[in-house]
Amino acid sequence: MSTTLKRVHGYLAEFDSVKDLYHAAEHVRDAGYQRWDVHSPFPIHGMDEAMGNPRSKLPMFVFCGGITGTTIAFTLETITQTNFWSHIGLGFLQKIVETYPTVVQGKPTDIWTIPAFFPVMFELTILFSAFTTLFGLLALIGLPRWNHPLFVSKNFSKFSDDGFFVCIEARDPKFSQEGTKSLLEKVGGKNIELVEDEI
Amino acid sequence: MSHHVTFNDLPQGGEKFEPAKGGKLIGTLGLLGALGIVASAIFFFTSTDTFAYSWLFAVFFCFTFVVGGCFWILLHSASNSSWGVAVRRIWENLANMVIPLAILASPLLLTAVNKPLYEWMTHHRNAEQIAKADNISVKEALHHMVVHGGEVAVNGGEKVHLPPNPHLHVLVTKFGYMNLSTWFSWYTRFALYFLVLWFIARTLRGKSLQQEQDGDIKHTIWSRQFSCIVLLPFALTVTFAAFDWLVGLDYNWFSTMWGVYIFAGCAWASMAVSILVVTWLRSLGYMQKVVTDEHYHLMGKLLFAFTVFWAYISFSQYFLIWYANITEETRFYLIRNTEGWQAVSIFILLGHFIVPFLFLLSQKRKKNPVVISLGCLWILFMHLVDIYWNVIPERGPSLGQGVLVPGAWVQDIAALCAVFGTMGFLYLRGLAKYSLYPWRDPRLLESVNVIN
């Protein structure tokens with residue numbers, strides 16, 4: 001007899017088709033659930049609206065990342081190769097690099113030498129945007145991780161082949177053992193199971 | 001999920017545009033065109049030299065739309081896309097404006113018009129006289145002018161002795177391309193550009209219309225293969241037309257980025273025009289079911305892509321010339337980055353890149369037909385400024401009349417009204433000839449229901 005302690009992850013329900021899944025998602029959304037997800041072998045157009053997902057925050061992160069890249073490149077280049085910072089009253093910044101001035105190729109030292117800096121500004125913008133895209137995405141979707149509680153369910157392995165699932169998690173404030181189950185039954189869920197994860 | 005459109009929702013035979021419904025805009029453009037042509041005729045006879053530049057500017061401005069329209073059908077077919085089937089006819093009609101454009105461009109063939117524009121032609125015509133008198137080839141005559149000068153008859157027929165001119169050496173070396181007398185002269189190429197564009201535009205619309213008869217997919221496949229083959233001749237056409245008509249304004253100047261630079265502007269501006277035309281047609285009650293927010297979003301994304309592409313190319317051109325600092329090359333930017341033109345240059349940087357870039361970043365703005373159409377009007381305006389900035393700064397220095405020829409802007413507006421008004425009038429009226437979208441294209445529904 002096993003006495004292992006288990007934690008309830010949530011309810012998993014299977015659906016027969018994309019159409020059913022889509023309508024189930026609409027119902028779960030309208031029931032006011034927040035922490036739940038839909039699993040299908042392929043992307044489904046319009047699922048974002050059906051689930052009531054807000055726009056991703058990722059573009060905002062990427063924009064900020066890009067701007068940071070531009071700013072860093074601009075600062076680095078102008079500090080080391082121009083007198084721009086002294087002109088706007090921040091000469092102390094220039095003092096740092098005056099020990100190793102890098103005025104090369106006989107370019108003018110004022111701000112109008114800026115075309116020479118654009119390629120680096122452009123590259124760093126791209127680099128930082130790419131980094132924020134990748135790492136921002138990983139952070140938002142919670143990767144990397146070792147395992148996922150849903151893998152406990154034998155039935156769930158169909159999600160990468162022909163299974164369509166809705167999983168409502170137990171940490172949702174509206175979650176209840178009875179209410180959630182009956183909602184999933186009502187919207188046509190099949191093979192409803194309570195997924196429990198070993199602690 | 002909105003309702004999935006099927007063939008039952010779309011009218012049999014497609015939608016036919018009635019020009020009377022859009023009479024306000026068509027009438028305005030027609031009126032502008034007519035007034036412009038009258039004014040242009042007057043300016044042509046009173047101030048041919050300065051007006052030649054105005055006409056080149058206006059013709060080239062409209063040329064970019066025709067090229068762009070041609071590019072979008074080519075790209076759409078060659079890449080086997082289906083999303084744009086619903087708006088493809090707009091591009092097809094745009095590309096087929098090449099015949100009226102060729103007629104409007106034909107004054108450039110007149111010696112009186114191309115003489116003030118292209119200084120190299122004057123030298124070549126002088127060389128032709130010397131070649132005839134001395135019984136040598138034109139190229140040898142040019143060389144003769146470099147070393148010895150020569151005797152030529154100017155304007156009234158009086159003989160003038162030209163001193164030796166070492167600057168002409170560059171014309172001797174460029175003779176293989178820049179000439180008026182060989183089989184591959186400037187004139188031949190002038191005709192060739194229009195022929196190539198006409199051939200592409202006509203063939204692709206022809207196939208599209210043939211499909212309307214039988215609804216066979218083979219026309220789509222044929223168009224795809226055809227497009228892949230003609231993409232290269234098309235690219236060469238745009239590039240060399242841009243060289244012949246704009247770079248030739250200063251025969252010393254050269255830029256390997258030029259063709260791409262002009263092409264980027266073509267694709268950008270013509271996409272803006274097609275968005276505007278679609279919005280206009282929708283406001284008149286057409287294409288309600290075939291064009292959705294998704295199409296606006298897709299077209300907006302391409303617009304965004306070409307905003308960045310144009311900036312990338314135009315900066316690269318500037319950057320290479322600025323850094324290399326070679327006399328023949330820097331002249332182009334010297335006249336555009338000094339005096340009054342500097343303000344225009346900075347305005348182009350802001351208005352042609354930064355403003356559209358920030359504007360087009362947001363998905364919401366791209367999906368809103370009204371908002372994106374307002375953006376397209378701005379883009380059209382900036383494209384106009386860009387072409388103006390490319391052509392007109394040459395006028396003052398070339399004609400020896402200072403930086404800006406006083407009062408010549410009136411002529412520019414007259415030429416613009418004449419060419420753009422006429423082209424716009426004919427284009428919008430021409431929409432009535434066929435269905436507004438290829439209604440029997442097998443992939444029409446795929447396009448109508450597109451989600452991206």
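The domain assignment of chain A gives domain 1, built from residues 6-55 + 146-198, and domain 2, which covers residues 58-141. In this predicted model, the centres of domain 1 of chain A and domain 2 of chain A, taken over C-alpha atoms, lie 46 Å apart. The secondary structure of chain A comes to seven helices and four strands, and from the N terminus on these elements follow the order β-α-β-α-α-α-α-α-β-α-β. With a radius of gyration of 27 Å, well over the 16 Å that the globule rule gives for 199 residues, chain A is more spread out than a compact globule. Along the principal axes, the C-alpha atoms of chain A fill a box of roughly 80 × 40 × 30 Å. Buried residues make up 22% of the 199 residues in chain A. Of the contacts in chain A with a separation of 6 or more, 78% are accounted for by residues 24 or more positions apart.

Chain B is likewise described by its domains, with domain 1 spanning 13-111 + 202-448 and domain 2 spanning 119-182. The centres of domain 1 of chain B and domain 2 of chain B, again taken over C-alpha atoms, are separated by 37 Å. Between these domains, four residues of domain 1 of chain B are in contact with five residues of domain 2 of chain B; by class, the side of domain 1 of chain B that touches domain 2 of chain B has one nonpolar, three polar and no charged residues.

The largest nonpolar core has 121 residues, and those with the most contacts inside it are B:Phe57, B:Ala58, B:Cys62, B:Val66 and B:Cys70. Helix H2 of chain B, residues 48-78, contributes the largest share of this core, namely 20 residues. Because domain 1 (13-111 + 202-448) and domain 2 (119-182) of chain B both give residues to this core, it lies between them. When neighbours within four places in sequence are left aside, B:Val66 is in contact with B:Leu94, B:Ala95, B:Met97, B:Val98, B:Leu101 and B:Leu197. Another core, of 24 residues, lies apart from the largest one and has A:Leu21, A:Ile168, A:Leu183 and A:Leu184 among its residues.

A further position in chain B, B:Gly22, is placed in the segment before helix H1 (23-46) of chain B. With 19 other C-beta atoms within 10 Å, B:Gly22 is partly exposed, since a residue counts as buried if 20 or more such atoms lie within that distance. Not counting residues up to four places away in sequence, B:Gly22 touches B:Trp280, B:Leu284 and B:Leu428. By contrast, B:Gly22 and B:Ile37, which are 15 residues apart in sequence, are 23 Å apart in space, C-alpha to C-alpha.

The model scores ipTM 0.81 and pTM 0.90. Chain B averages a pLDDT of 93, and 99% of its residues score at least 70. Where pLDDT is low, the predicted coordinates should not be read in detail.

Terms used:
Residues are numbered from 1 along each chain as its sequence is written. Chains are lettered from A and ligands numbered from 1 in the order in which they are written. This is a predicted model: local features need pLDDT of at least 70, side-chain atom pairs count only at pLDDT 80 or more; totals for chains, interfaces and linings use all residues. A nonpolar core is a set of buried Ala, Val, Leu, Ile, Met, Phe, Trp, Tyr and Cys residues joined through C-beta atoms within 7 Å. A residue is buried if 20 or more other C-beta atoms lie within 10 Å of its own, exposed if 12 or fewer, and partly exposed in between; C-beta atoms are placed from the backbone. Helices (H or I, at least four residues) and strands (E, at least two) are DSSP runs, numbered from the N terminus. Domain bounds come from an automatic or database domain assignment. Two residues are in contact if their C-beta atoms, placed from the backbone, lie within 7 Å. Ala, Val, Leu, Ile, Met, Phe, Trp, Tyr, Cys and Pro count as nonpolar, Asp, Glu, Lys and Arg as charged, and the others, Gly among them, as polar. pLDDT is the predictor's confidence in each residue, from 0 to 100. The radius of gyration is taken over C-alpha atoms; the globule rule is 2.2 Å times the number of residues to the power 0.38.
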